[in-house]
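Subject: Structure for you to look at

Hello,

Please find below the structure we spoke about. My notes on what was found in it follow the display.

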Amino acid sequence: MNKRVAIFISGKGSNMVSLVESMVGNHVARPCLVLSDNPCAEGLEKARKLRVPVAVVDHRAFSGDKRAFESAMIAELDKASPQIICLAGFMRILSREFLLKWHDRVLNIHPSLLPKYKGLDTHARAIEAGDRVAGCTVHKVMPQVDSGEIMGTAKVQIYKGDTPEALAKRVLEKEHMLYPKVLKRYSLADYRPVFMEFDRVCR
């Protein structure tokens with residue numbers, strides 16, 4: 001039986017597309033839902049074109065009531081019955097209670113080599129620090145932001161004169177490669193991390 005995967009988005013949904021397009025053939029997982037907290041998210045139309053069911057739980061309708069917001073998301077998840085949740089540019093911090101319900105079954109991708117540069121503005125911070133290497137990380141989601149067990153990383157070189165925008169573009173390309181690799185392994189209950197060393201994969 002295929003593993004069912006729900007993907008959470010807030011914006012363009014490019015990582016969502018890479019995940020959905022990877023779940024074909026002998027992949028043991030299949031997308032069952034794309035859920036967004038933003039009714040204007042560009043990724044919703046992309047998901048529809050990929051024939052994945054979509055749901056919107058607009059965070060603005062809950063006036064800062066996180067419990068009610070998450071209860072509405074859980075209602076949508078209960079309909080779709082996923083076994084795995086992938087956060088793909090989802091811009092809400094999930095509560096401890098939500099994560100306990102989905103214990104060890106929520107993945108996220110972050111645009112830095114964790115534990116460096118948790119939070120926002122990761123590319124600018126890496127350049128300002130004089131780093132020569134940046135990248136992205138797939139990790140399990142814990143109540144502490146960007147602190148869960150690392151399930152995969154991909155490295156990108158930082159070049160002299162790089163801008164945050166140029167670096168972000170190259171890191172995003174690696175995200176589209178790394179996240180599907182991690183999900184495929186995770187779906188098989190293989191929890192070994194995937195390490196992508198620039199242009200090669202190290203197991």
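Helices and strands here are DSSP runs, helices of at least four residues and strands of at least two, numbered from the N terminus. The model is a predicted one, and the notes go through it by region.

Ser10 sits in the loop that joins strand E1 (3-9) to helix H1 (14-22). Is Ser10 buried or exposed? Ser10 has a relative accessible area of 11%, and because buried means under 20%, Ser10 counts as buried. Leaving aside residues up to four places away in sequence, Ser10 touches Ser36, Asp37, Asn38, Ala41, Gly89, Phe90 and Met91.

Helix H2

Helix H2 spans residues 42-49, and its buried residues are Gly43, Leu44 and Ala47. These cover an arc of only 105° around the axis, so they are on the same side of H2. An α-helix has 3.6 residues a turn, so residues three or four places apart point the same way. Among the elements that cover the buried residues of H2 are E1, H1, strand E2 (29-36) and strand E3 (54-56). After H2 comes Arg51, with a positive phi near 65°.

Backbone features in the loops

Most residues other than glycine have a negative phi, and most peptide bonds are trans. The following places depart from that pattern.

- Leu114 to Pro115: this peptide bond is cis, with omega near 10°. Pro115 belongs to the loop between strand E5 (106-110) and helix H5 (122-128).
- Asp121: phi is positive, about 55°, although Asp121 is not a glycine. Asp121 also lies in the loop between E5 and H5. Its relative accessible area is 59%, which makes Asp121 exposed.
- Ala189: phi is near 60°, again a positive value in a residue other than glycine. Ala189 is in the loop between helix H6 (164-187) and strand E8 (194-197). At a relative accessible area of 45%, Ala189 is partly exposed.

The loop between E5 and H5 could come next, as it holds Pro115 and Asp121.

Regards

Methods:
Residues numbered from 1 in each chain as written. Predicted model: local features only at pLDDT ≥ 70, side-chain atom pairs only at ≥ 80, totals over all residues. Heavy atoms only, no water. Buried < 20%, exposed > 50% of the residue type's maximum accessible area, 1.4 Å probe, protein only. Contact = heavy atoms within 4.5 Å. Arc of directions from axis to C-beta.
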